[in-house]
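Me: I have a new model open and would like to learn how to read its features. Could you take me through it step by step?

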Amino acid sequence: RQFGTSAVRNGQLVQPPMQVFGIEGRYATALYSAASKQKSLDAVEKEMNNFKDLMDKDKKLAEFVTNPSLQRVQKKAALEEVLKKQKFSDLTINLMSAMAENGRIGKISGVINSFSQ
């Protein structure tokens, strides 16, 4: 997994336009900061919305993501494979991997909603 550093402009951290709270907010803020640093906010937002649409259409994927009985390593590997086939950016893949590794991938809908705000 790659670790990102906070985006800095003129010595200040890049803050999202709206402050969000909770676990979902932390992940959304981290993604916003990393995407700002790489100047790819629009692309990442599009990918997050595409993933949400993919989960809405593919019920098996949605069940897989929210199934607590599967091991974290299995979820991480499967999600990375699916996202790479869909040609998602490294930022999006890293976010999903980190969430799967930390056992929080079931909160991805909340992260997408927070990021879209």
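**Reading the model**

Reply: Of the 117 residues of the protein chain, 36% are buried, where buried means under 20% relative accessible area, exposed over 50% and partly exposed in between (1.4 Å probe, protein chains only). This is a predicted model: local features need pLDDT of at least 70, side-chain atom pairs count only at pLDDT 80 or more, and totals for chains, interfaces and linings use all residues. Residues are numbered from 1 along each chain as its sequence is written, and side-chain values use heavy atoms, with hydrogens and water left out.

Me: How many helices and strands does the protein chain have?

Reply: Helices (H or I, at least four residues) and strands (E, at least two) are DSSP runs, numbered from the N terminus. Here there are six helices and two strands, in the sequence pattern β-β-α-α-α-α-α-α.

Me: Where is Arg-26 found, and is Arg-26 buried or exposed?

Reply: Arg-26 sits in helix H1 (residues 22-37), and it counts as exposed because its relative accessibility is 67%.

Me: Where is the place of Ser-40, and why does Ser-40 count as buried?

Reply: Ser-40 lies in the loop between H1 and helix H2 (41-57). Ser-40 counts as buried because its relative accessibility is 17%.

Me: Which residues does Ser-40 touch, not counting residues up to four places away in sequence?

Reply: A contact means heavy atoms within 4.5 Å. With that sequence limit, Ser-40 touches Ala-35 and Leu-91. Ser-40 and Leu-91 are 51 residues apart in sequence, and their C-alpha atoms are 9.2 Å apart in space. Across the protein chain, 62% of the contacts with a separation of 6 or more link residues 24 or more positions apart.
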